[in-house]
Amino acid sequence: MAAAAATVMPPHADPPPLAAARNPTAPTSDTQCRRDAPTPSLRALFLRAVDPSRPSSWSAAVADLLSSGDPAAALAAFAAALRTNPAALRPALPPALRAAAAAASLAAGRQLHLLALRSGLFPSDAYAASALLHMYHHCSRPLDARRAFDEIPSPNPVIVTAMASGCVRNNLVYPALAIFRSMVASDSASVVDEAAALVALSASARVPDRGITGGIHALVAKIGLDGHAGVANTMLDAYAKGGGCDLGAARRLFDMMERDAVSWNTMIALYAQNGLSAEALRLYGKMLNVGDDVRCNAVTLSAVLLACAHAGAIQTGKRIHNQVVRMGLEENVYVGTSVVDMYSKCGRVEMARKAFCRVKEKNILTWSAMIAGYAMQGHGHEALEVFNEMRRSGLKPNYITFISVLAACSHAGLLNEGRQWYNAMRREFGIEPGVEHYGCMVDLLGRAGCLDEAYGLIKEMNVRPDAAMWGALLSACRIHKNVELAEIAANRLFELDASNAGYYVLLSNIYAEAGMWKDVERMRVLFKIRGMEKPPGYSSVELKGKTHSFYVGDKRHPQHKEIYAYLDKLLERMQEAGYAPNTGSVHHDLDEEEKGSMLRIHSEKLAVAFALMNSVQGSVIHVIKNLRVCTDCHTAIKIITKLTGREIIVRDIKRFHHFKDGLCSCGDYW
């Protein structure tokens with residue numbers, strides 16, 4: 001046993017000095033000896049702290065060295081303990097196994113396993129067994145842990161929890177949940193303590209069956225553990241990871257629990273991640289009024305900035321940014337990246353660039369956010385410049401970065417550059433393209449008119465094409481009026497997601513633009529038979545912290561009479577400047593005059609008119625559209641910026657349009 005122990009770490013004749021344990025290969029020259037003059041005092045301190053005759057003293061020494069962050073020294077101390085006092089094996093083995101786990105040293109862990117077997121501590125000693133499972137899981141050997149677990153005759157709840165926790169660590173969530181169920185079934189719910197509940201909830205957060213979290217919640221509430229802050233917060237996180245389907249349950253739990261900063265941050269982030277920006281911002285306002293017991297931090301601000309980004313709420317985003325500056329978090333990589341993302345998604349790429357430059361230690365997500373910011377504006381060349389700057393900094397692009405790069409090429413119509421980086425992604429960087437990369441390439445090729453090449457890419461790709469990819473091809477078919485290929489793409493979309501009304505509408509519009517009115521009617525009948533409803537298009541504008549939304553022909557706004565009167569006068573000026581309604585944007589079999597009347601009351605025009613009436617001259621107008629901006633409104637807004645001297649930024653479902661002086665940043669390519 002002593003021989004085996006000696007090989008755990010380099011042997012020492014006596015208990016090792018701390019410096020030697022940390023650096024067993026240190027030089028021994030005279031100069032070095034003089035430099036290490038304090039070593040004898042450290043050695044003496046170690047010997048005074050450890051009573052060699054007391055096994056518990058050795059155990060404490062191993063545990064203290066481990067907790068100080070030096071697992072190598074802890075293992076060396078354990079080896080010395082066995083040479084000095086073999087009775088130290090029992091109390092010192094569990095911390096030694098945890099030291100092997102912390103060092104991710106499978107070799108040391110296996111030797112300790114052997115010692116445990118020879119001494120009879122495994123599987124009889126619960127502490128040693130639990131630490132052994134911990135070691136194998138931290139060394140990424142879950143099968144070895146399972147074999148060891150199966151050798152334990154009657155594992156107690158601590159051991160079972162350790163096994164389940166290790167499974168979660170190695171992303172074996174279903175085995176973890178099975179172990180938890182067996183724990184409850186074999187005895188009673190009373191064996192479930194706080195640690196077991198935390199493990200079970202962590203596992204439930206990673207599975208698609210959202211009912212599991214609810215079941216564990218019921219058990220936890222039954223045995224009275226839902227009052228524990230850690231359990232409640234983990235449960236809230238599990239609901240949060242379930243997305244919108246568990247949103248109600250998460251909010252009910254949040255309202256009942258004793259809330260701390262973690263609880264508030266989780267709930268705000270849940271709303272923000274599900275696009276419920278208004279709810280996230282309202283909850284943030286309530287958090288600020290709670291008092292000194294709960295204060296916002298970097299996590300809070302990142303979540304709120306995400307909410308602003310989704311809503312395009314630039315004014316609110318600026319106020320949050322001011323809070324970031326006041327708290328000294330502008331250089332924080334996580335908060336700084338969120339600021340970059342917020343400004344990018346609000347169409348203010350120049351402000352995003354300034355925020356980007358203030359982040360000192362940029363990570364791959366920071367660079368990717370800046371590239372994506374330029375991509376969304378259609379500034380493809382600028383996006384590629386940032387990409388090359390990132391590469392010069394020494395960071396290697398990853399999967400996400402290349403999504404942004406290819407999206408930049410797609411939005412800017414950079415066909416050759418897109419092909420170049422798509423090929424380099426695999427050849428130079430060893431990154432296999434995923435559905436997102438294929439989708440960008442299909443969009444790029446399709447918009448450039450290379451429909452056959454785009455279709456060929458879909459047919460030869462090594463992953464199953466998703467709805468976004470076929471949707472990109474269908475949109476390209478609309479641009480280039482290819483009805484035959486549009487029908488192929490639409491049929492694939494109907495197979496993938498038959499309940500999505502947008503695909504039926506898009507194919508119907510393609511038929512309408514081709515004058516195929518019988519097919520348009522056929523699509524409308526099919527639409528009704530399947531009980532679908534087209535999502536209503538709307539445009540929104542933020543003014544003085546309040547969001548104003550408009551639908552086509554909307555008369556619900558308190559200023560609707562003034563808005564229509566202002567818009568009529570504006571349209572007269574536009575017509576004098578050469579504007580003529582693009583009736584091709586109306587997909588109904590109507591005469592030209594009726595089509596023109598419908599175009600006058602589109603939501604984009606109402607939102608722009610309202611903003612022009614109520615905002616300060618010279619300020620930038622931001623409009624959010626939930627659908628693709630129509631070609632007529634796109635033309636109209638270009639003329640409006642020339643007549644009024646205002647900048648207008650429109651974010652639609654596809655991209656940003658930055659209108660200024662009669663031009664759009666997209667170059668009419670969207």
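In these legends, Ala, Val, Leu, Ile, Met, Phe, Trp, Tyr, Cys and Pro count as nonpolar, Asp, Glu, Lys and Arg as charged, and the others, Gly among them, as polar. Everything shown comes from a predicted model.

**View 1. Cavities in the predicted model.** The structure contains two cavities of 30 Å³ or more.

**View 2. Residues around the largest cavity.** Let's take a closer look at this lining. Ala311 and Gly312 take part in it, together with Ser540, Val541, Glu542, Thr547, His622 and Ile624. Strand S1 (538-543) and strand S3 (621-625) are the elements that give two or more residues to this lining. The largest share, three residues, belongs to S1.

View 3. Sorted by class, the lining of the largest cavity has three nonpolar residues, four polar ones and one charged one. Glu542 is among the residues that line this cavity, and Glu counts as charged.

**View 4. Residues around the second largest cavity.** Here the lining is made by Phe550, Asp554, His557, His560, Ile563, Tyr564 and Leu606. Helix H34 (residues 560-576) provides the largest share of this lining, three residues.

View 5. The lining of the second largest cavity has four nonpolar, two polar and one charged residues. Among its lining residues is Asp554, and Asp counts as charged. His557 and His560 also line this cavity.

How values were computed
Residues numbered from 1 in each chain as written. Predicted model: local features only at pLDDT ≥ 70, side-chain atom pairs only at ≥ 80, totals over all residues. Heavy atoms only, no water. 1 Å grid on protein atoms, 1.4 Å probe; cavity = no way out; pocket = protein on both sides within 12 Å on 5 of 7 lines; lining within 4 Å. Points joined across faces, edges and corners; volume = space filled by probe spheres on them. Helix = DSSP H or I, 4+ residues; strand = E, 2+ residues; numbered from the N terminus.
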